[in-house]
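Take a look at the structure below.

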Amino acid sequence: MKRYEKLRIIIFVLVAMVLFYEINILMQPVWLEWNNYDRTQDFYEQPGNTIETIFLGASVTVNGIAPTELYEDYGICSYNLGTEKQPMLASYYWMEEAYRLHPETLKTFVLDVSMLRQDTDESFLHKALDAMQFSRVKLNAVKDYAKDFSEVFSWFIPVFTYHDRWSSLTKEDFEKYGYNTSSGTRGYHFALGKLLDSNSASEITVPTYLVDEEAEPAEFNEEALVYFKKMVEFCNWKGIKLVLIKTPVLNDWDSSEHNAAMKVAEKYQLDFFDFNFYPYIDEIHYNNATDSVEGKHMNYYGAKKLTAWLGNYLTQYCGNTDVRGNETYAFMETEVEEYNRHILRAELGDIEDVSEYLQVLYDKRDVTILITVKDDAAKSLSQEQRDRFALMGLEKLSALAYRDSYLGVIVNGEVIYEESKHLDKEAEDAEKSELISSYEGTLADGSSYAIISGGHYLGNISSCIIDGKDYSVNTRGLNIIVYDNKRQKVMDTTVFNTGESATRIPENAEKALVMAEGTDFARLSDTLQQLALYNRSCANVKKAIALKEDIGEDGFLQYLKEFWGDENYMIFLSVKDDAARSLDKDARSIFRKMGLEELAELERRDSYLAVVKGGDVLTEVRDHGETPITLGGNGYTLVSGGMDSGNKSSIEINGEEYSAGGRGINVVIYDTALHIVVDTVSFDTYAIPVDTSEIIEDKEKND
Amino acid sequence: MQSLIYKIRYLTDGILSLTLSYNTFFFLIFLFVFLCIYFLLRKQKAKQIWILFGSVVFYAWSGLAALFIVLATGSIVYLAARKMGSLYVGYEKEKEGLSPKEQTVLFMDYKKKAKKYLLTAMFLILAVWIYVKAGKLLELDSVATFSEWISGRGIIVPLGISYYSLSTIGYLLDVFWRKAKPEKNILKLFTVMTYFPHIVQGPISKYDSMLKQLSDLPQYDYKRVCFGLQLMLWGYIKKMIIADRLIIYTQAVFTSPEQFAGVEIFLAVVLCTIQLYADFSGCMDIVGGISQVMGIKLADNFRQPFFSKSATEFWTRWHITLGAWTKEYIYLPIAMNPKFVKYTKQLKKNGKAWHSSFMKAFVPLIAVWLFTGLWHGTGWDYIVWGLYWCILMTVAKEAKPIGDKIISLLKINTEKPYYQIWQSVRTCMIFAIGRMFTVTGALTGCAVLWKRLFAEHRLWTLFDGSLYSHGLDQKNFYVALLGIVIMLLVDIMHEKGKSIRQSIAAQPLPIRWIIYYGAMFAIVILGMYGPGYDASSFAYGAF
């Protein structure tokens with residue numbers, strides 16, 4: 001072979017190898033939407049022997065635990081290695097991988113148990129393992145899964161697996177080159193939406209709070225259990241604590257699954273905390289309406305709650321240390337800064353006052369704020385707000401008049417453009433388009449933007465177009481678009497209706513509802529009304545549980561007392577068989593005082609029905625005929641038959657039967673605000689005398 | 001230590017579990033190692049032994065038991081050929097001083113003895129072959145070891161049995177007819193027989209020419225190696241980008257034809273002919289390319305078949321080596337058989353001229369086509385398929401005067417391009433119709449195809465996107481179409497006698513490299529392979 005031929009072959013092969021490498025990067029999906037690839041890749045940026053706790057599990061873990069918050073509040077250095085539907089196989093090998101890199105500091109693994117229900121799905125295994133660097137651990141993981149040797153190959157050469165993606169490549173795939181992976185989230189996926197945004201109170205699942213301990217434990221997946229066992233053994237071997245949790249997902253987790261997980265935890269003597277049930281659901285103050293994105297994943301508010309609980313637990317029971325101020329962990333401060341930028345959107349959503357909103361952003365670097373007015377933004381602006389605008393250099397905004405158009409641009413804390421326009425009356429149609437104010441500019445990353453404003457008589461419009469897409473909410477008031485110059489993304493797009501009110505309702509609905517306490521229900525916003533109703537449903541369930549625990553078989557009167565006098569409850573009573581035998585004089589006298597005249601007169605084997613609302617006895621019927629008695633009303637039908645009259649009890653509401661159907665007095669409590677049955681119970685006053693002592697004591701006290 | 005043993009075992013088990021087929025990544029690694037060592041070897045003998053070693057490894061990968069069957073067959077062929085050869089040497093010695101007539105008598109005597117060896121060897125080869133075919137017909141499982149075979153779990157199917165059986169029979173007949181000399185070196189015969197580029201799917205080589213080439217292997221030549229690699233690359237493009245893509249659609253249609261109709265069926269039939277061509281000729285380019293790299297010229301198996309002007313011409317351009325084999329070893333022996341010739345002459349004398357001409361044309365043809373049909377498959381579909389071609393060719397030949405008359409009456413100028421294009425299109429149609437007999441795997445399926453073809457036209461499926469819902473989406477269809485257009489252009493260039501590789505070689509280096517990288521990465525990205533893709537075994541490897 002001639003020398004130049006050799007050289008040519010070498011160059012040809014080298015170029016081919018470089019091209020092959022680049023094509024591999026191009027074809028490797030990174031799932032930017034969910035950030036699986038990046039988040040796990042980011043893990044390798046962590047200095048060795050720094051992490052004390054690792055979180056593992058499916059997307060519920062990814063969305064449910066924010067390690068940077070743990071550091072900020074408790075000083076714990078942790079990392080969330082959860083991935084979408086993470087197969088147990090992947091959880092196990094990530095455990096090994098984490099230990100490989102942090103053997104001296106690792107103290108705890110926290111695993112969400114939901115994936116014990118499923119076997120290994122290849123696509124999710126890819127999502128979990130693709131970003132894992134090549135090591136013995138990854139090789140073992142792949143060997144475990146791959147059916148043959150050639151498949152092992154394709155796990156390490158992405159193009160072999162993903163070459164089919166050529167037809168679905170997007171701009172993002174090309175942007176991967178030089179993409180900055182660090183976002184300071186430490187594996188947490190930030191999400192803000194909430195169930196309440198698109199569901200009414202009745203559509204949102206209410207917790208049962210109590211586990212049905214009788215429920216047959218569900219069958220977990222065999223393969224998943226094999227890897228779970230390996231995890232337990234690994235942790236025992238390395239002396240690391242394994243903690244099991246189940247993040248709150250009311251729609252996707254039930255008692256039988258809880259019981260199965262409990263069984264597993266007991267078998268291996270592990271701690272298991274199920275945040276779907278008492279007491280943990282209350283300990284973290286979980287609210288399904290406000291803390292869940294869509295019923296399956298927690299949003300930022302939910303994650304904050306769970307993370308805080310875990311912070312406490314990890315510190316107290318798992319020996320996690322506070323590393324804040326430790327020099328080795330100086331890098332965490334940068335992460336916190338990045339993280340706060342990442343979650344700034346949530347912070348912004350909670351601000352009610354537009355001047356405060358702008359002030360927060362004004363102090364931040366690397367943001368561009370675009371402000372446009374639609375209709376009117378001046379009517380309700382306070383003088384204090386106007387003064388703050390002036391201090392920021394927003395002179396024209398400070399002087400904004402009723403129904404003015406307004407455009408403002410702030411870049412990195414500097415006002416670079418302001419314009420306002422005023423018109424008193426409706427203009428002729430032909431002129432309208434000329435009246436609209438507009439401004440065009442370029443963002444720090446080179447993207448172009450165009451903003452438009454029209455006050456009430458000036459076109460009545462707001463628009464903000466960045467790279468061809470309109471981001472403006474385009475409703476009355478100050479429309480604001482915040483662009484993150486560093487991450488090259490629109491960070492927030494919102495509107496403050498300062499035409500109507502100086503402040504707005506914060507996005508954090510729970511907080512907003514607390515603030516609105518005392519406000520008349522009808523005056524609350526739709527969202528807050530729904531939240532109030534939802535909270536009431538939860539309270540009802542809790543109340544029913546509490547009553548069952550506190551009130552004994554003789555507690556008929558105490559039970560009634562809980563609901564008596566509350567306008568929101570209707571009480572239905574229906575007697576079956578016989579309810580009179582053990583009713584004594586005291587009880588009958590109290591009944592009489594309550595207005596339950598017929599019940600006070602109840603005789604052996606009488607049929608009896610009553611409807612009570614807010615402490616008023618609406619109807620009462622007593623009979624001793626050969627057939628049962630029936631009582632109909634708006635949406636309900638009651639039936640009672642004493643021993644001689646058919647021996648039955650029925651309380652049907654909106655076509656459904658709720659009566660407990662026991663001997664004695666059957667009670668159903670109906671919530672008229674929520675249109676739901678709160679509780680159904682029966683008191684056997686044939687056999688058990690009614691306890692009247694508490695009522696008499698109360699009376700004596702009052703006297 | 002134990003973990004080391006475990007690792008080694010895992011590695012060896014893993015490697016042994018890989019598939020060594022032309023279109024696997026593992027084959028490319030195998031080939032790379034094989035060729036590197038091949039070029040490091042300087043001596044002829046060493047090269048020959050290395051080829052034999054490579055072929056044996058390649059063959060053994062598909063089952064050790066099968067390798068023994070092949071080597072046993074090779075030994076029989078070697079012995080029979082040697083025996084016949086020594087008989088003829090004896091005859092040469094003995095004929096000295098005899099009169100021509102006595103020589104003929106003596107020769108007939110020797111030939112008779114030689115025939116015994118020939119028939120014995122042929123019987124053994126055919127017996128194994130028929131056993132395998134019958135096994136497939138009875139749908140027995142194919143097994144890889146003798147123990148499984150003995151325990152009655154299935155049949156051993158030696159890789160490429162249909163190909164090497166024909167080649168060995170051809171070689172034996174050549175020796176018998178004294179057209180070829182018997183090979184003295186058994187290793188050389190084994191090398192030619194098991195030569196890994198041609199044993200799986202042909203071409204059906206003439207051992208005589210292969211043996212000559214094997215004795216004179218050329219040294220490394222940069223240009224030849226480059227050309228060989230380019231041919232391989234082109235083969236992989238045809239196979240992995242075009243054929244394996246088209247088969248997704250055609251398979252969807254042919255597995256449940258009752259769900260399709262009209263234009264969907266028509267398209268599937270057309271595409272399946274193109275798919276078969278891209279698949280089979282792609283494979284020939286791969287193996288031809290590998291051989292060229294080594295300096296061995298394999299027989300051509302395709303010469304732009306779809307430009308043929310008649311069915312007869314088609315079979316001289318499609319699967320050429322099979323056509324040549326049947327012509328040489330079936331058609332001619334029957335047509336030239338003295339008894340048959342005498343019989344047809346007698347017919348002519350008796351005034352049955354047409355009858356005689358028909359017999360002359362039909363009898364050898366039907367033998368050829370029944371054989372070709374059975375070679376492809378044992379079901380009725382392939383027998384009917386063979387008959388279809390046989391009848392078509394006989395009718396074409398017998399009706400030629402009528403056709404000529406019509407052409408002259410209509411004053412059609414057969415030299416004009418439009419008429420030639422019509423002829424090519426007609427040939428394609430004939431081939432496509434032939435494919436319909438066998439493509440569903442049963443004659444009833446063929447009937448369904450015809451019925452559904454005319455049941456509805458379903459032209460809308462071309463426009464409303466439903467065409468793209470059968471596994472091959474729009475983008476993939478376009479890639480396949482682009483591939484087909486490129487393949488057509490290449491064939492047109494070849495038909496005009498231009499060498500594409502020469503034209504590429506004449507380009508400046510950057511353009512050449514862009515073409516090479518483009519082709520390589522087109523296969524990597526657009527090729528159909530990897531997890532989730534399992535339709536890529538070569539179509540003609542099953543025979």
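**A walk through two chains**

Chain B is divided into four domains: domain 1 (1–40), domain 2 (48–214), domain 3 (220–257 + 277–298 + 456–543) and domain 4 (309–439). Domain bounds come from an automatic or database domain assignment. This is a predicted model, in which local features need pLDDT of at least 70 and side-chain atom pairs count only at pLDDT 80 or more, while totals for chains, interfaces and linings use all residues. Residues are numbered from 1 along each chain as its sequence is written, and chains are lettered from A and ligands numbered from 1 in the order in which they are written.

Stay with chain B. The C-alpha centres of its domain 1 and domain 3 lie 26 Å apart. Seven residues of domain 1 of chain B are in contact with eleven residues of domain 3 of chain B. Two residues are in contact if their C-beta atoms, placed from the backbone, lie within 7 Å. On the domain 1 side, five of these residues are nonpolar, two are polar and none is charged. Here Ala, Val, Leu, Ile, Met, Phe, Trp, Tyr, Cys and Pro count as nonpolar, Asp, Glu, Lys and Arg as charged, and the others, Gly among them, as polar.

What is chain B built from? It has 23 helices and two strands. Helices (H or I, at least four residues) and strands (E, at least two) are DSSP runs, numbered from the N terminus. The radius of gyration of chain B is 26 Å, close to the 24 Å that the globule rule gives for 543 residues, so chain B is as compact as a globular protein of that length. That radius is taken over C-alpha atoms, and the rule is 2.2 Å times the number of residues to the power 0.38. The C-alpha trace of chain B spans about 85 × 85 × 60 Å along its principal axes.

Now find two helices of chain B, H12 (residues 263–294) and H19 (residues 417–438). Their axes come within 9 Å and cross at roughly 100°. Axes are lines fitted to C-alpha atoms, for helices over the stretch in contact, and angles run from 0 to 180 degrees between N-to-C directions. H12(B) and H19(B) are therefore roughly perpendicular to each other. Angles under 35 degrees count as roughly parallel, over 145 as roughly antiparallel, 65 to 115 as roughly perpendicular and the rest as oblique. H12(B) brings B:Val269, B:Val270, B:Cys272 and B:Thr273 to the contact, and H19(B) brings B:Cys428, B:Phe431, B:Ala432, B:Arg435 and B:Met436.

Move to chain A. Its domains are domain 1 (13–336), domain 2 (353–504) and domain 3 (551–702). The C-alpha centres of domain 1 of chain A and domain 3 of chain A lie 52 Å apart. In chain A, helix H5 (residues 88–101) and helix H7 (residues 136–145) pack at an angle of about 165°, with their axes 9 Å apart. That makes H5(A) roughly antiparallel to H7(A).

Two details close the tour of chain A. Most residues other than glycine have a negative phi, and most peptide bonds are trans. A:Arg186 is not a glycine, yet it has a positive phi of about 50°. The peptide bond from A:Tyr278 to A:Pro279 is cis, with omega near -5°. A:Pro279 is found in the loop between strand E5 (271–274) and helix H13 (280–283) of chain A.
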